[in-house]
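Biologist: I would like to learn how to read pockets, cavities and ring pairs in a protein model. Could we take them one at a time?

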Amino acid sequence: MLLSAKRAATAVSGKRLRAAALAAAVLFGVTAPAPASAHPHGPGLLQCQGTESIGYRPGVTFQARPIRITVDGRFASCAGGDGTVKSGGYHEEFTLVTGCNKLLEGFRSRRTYHWNIGDSSPRNTGDSSTADISGISTAVVGQVVTPVTGTVTHGRLQGHHLLQVIPLPQPSALQCLAGGLTGATGVTTLTIF
């Protein structure tokens with residue numbers, strides 16, 4: 001009986017996650033991909049799960065000022081596509097003028113995902129996907145949730161759309177008043193379809 005209840009709860013949770021991803025795709029204008037024959041540079045759906053860490057130097061306070069931002073994303077596991085991508089990640093560094101009151105503003109950027117290929121022990125072969133992306137963050141129950149949408153413009157899965165969802169802890173007023181927010185880490189999921 002307990003096992004059946006757990007299975008039912010897991011099924012409901014999975015349906016909610018799929019519904020949330022679909023709602024984000026509709027809300028942020030991601031359309032369904034064209035048939036596979038229209039994308040000759042690789043097979044369809046690739047899903048990855050991992051973490052994203054953001055560092056701010058100097059710390060972000062209420063006073064807007066130039067901040068050096070470092071973003072590190074690591075996908076511990078990937079599945080789908082043609083089955084060769086096992087893990088991956090991305091790294092970005094840039095400077096912008098921001099403060100705690102401006103962390104939710106929208107953005108446009110170019111991101112390169114680097115893939116690790118292999119069966120038993122993944123290895124970096126220089127394989128990558130570069131995408132033009134955009135996103136806007138929303139504060140939701142103590143988290144800053146950022147759905148990122150875009151299209152792969154170069155490399156593996158060129159021409160396919162992507163949706164990456166990144167929830168990070170929302171900074172507290174105390175962090176913004178004291179030494180400033182210096183970083184945050186949260187889980188992330190990436191779907192290329």
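**Pocket, cavity and rings**

Modeller: Note before we start that this is a predicted model. In the second largest pocket, strand β3 gives the most to the lining, with 5 residues.

Biologist: How many residues line the second largest pocket, and which lie nearest its centre?

Modeller: A lining residue is one with an atom within 4 Å of a point of the space. Here 29 residues line the second largest pocket, and Ile 54, Phe 94, Leu 103, Phe 107 and Ser 137 lie nearest its centre. Several elements give two or more residues to this lining, among them β1 (46-60), β2 (65-80), β3 (85-98) and β9 (181-192). The space in this pocket is about 660 Å³.

Biologist: How do the residues of that lining divide into nonpolar, polar and charged?

Modeller: The lining of the second largest pocket has 18 nonpolar, 5 polar and 6 charged residues.

Biologist: What is a cavity, as against a pocket?

Modeller: A pocket is open, whereas a cavity is a space where a 1.4 Å probe fits but cannot get out. A search of the whole structure finds 1 cavity of 30 Å³ or more. About 50 Å³ of space lies in the largest cavity. It is lined by 10 residues, with Leu 46, Gly 81, Asp 82, Val 85 and Arg 156 closest to its centre. The lining of the largest cavity divides into 4 nonpolar, 4 polar and 2 charged residues.

Biologist: Now the rings. How many aromatic pairs does the structure hold?

Modeller: There are 5 aromatic pairs in the structure. One of them joins Phe 75 and Tyr 113, with ring centres 6.2 Å apart and planes at 35°, so this pair is tilted. Phe 75 is in strand β2 and Tyr 113 in strand β4, 38 residues apart, and the pair thus links distant parts of the chain.

Biologist: Why do Phe 75 and Tyr 113 count as buried?

Modeller: Buried means under 20% relative accessible area. Phe 75 counts as buried because its relative accessible area is 2%, and Tyr 113 because its value is 0%.

Biologist: Why is the pair of Phe 75 and Trp 115 stacked?

Modeller: Planes under 30 degrees apart count as stacked. The planes of Phe 75 and Trp 115 lie at 25°, so the pair is stacked, with ring centres 6.5 Å apart. This pair also links distant parts of the chain, from strand β2 to strand β4, 40 residues apart. Trp 115 is buried, as is Phe 75.

Biologist: Which residues do ring pairs link into a cluster?

Modeller: The cluster consists of Phe 75, Tyr 90, Tyr 113 and Trp 115, linked by ring pairs.

Methods. Residues numbered from 1 in each chain as written. Predicted model: local features only at pLDDT ≥ 70, side-chain atom pairs only at ≥ 80, totals over all residues. Heavy atoms only, no water. 1 Å grid on protein atoms, 1.4 Å probe; cavity = no way out; pocket = protein on both sides within 12 Å on 5 of 7 lines; lining within 4 Å. Points joined across faces, edges and corners; volume = space filled by probe spheres on them. Helix = DSSP H or I, 4+ residues; strand = E, 2+ residues; numbered from the N terminus. Nonpolar A, V, L, I, M, F, W, Y, C, P; charged D, E, K, R; others polar. Phe/Tyr/Trp six-rings, centres within 6.5 Å; stacked < 30°, edge-to-face > 60°. Buried < 20%, exposed > 50% of the residue type's maximum accessible area, 1.4 Å probe, protein only.
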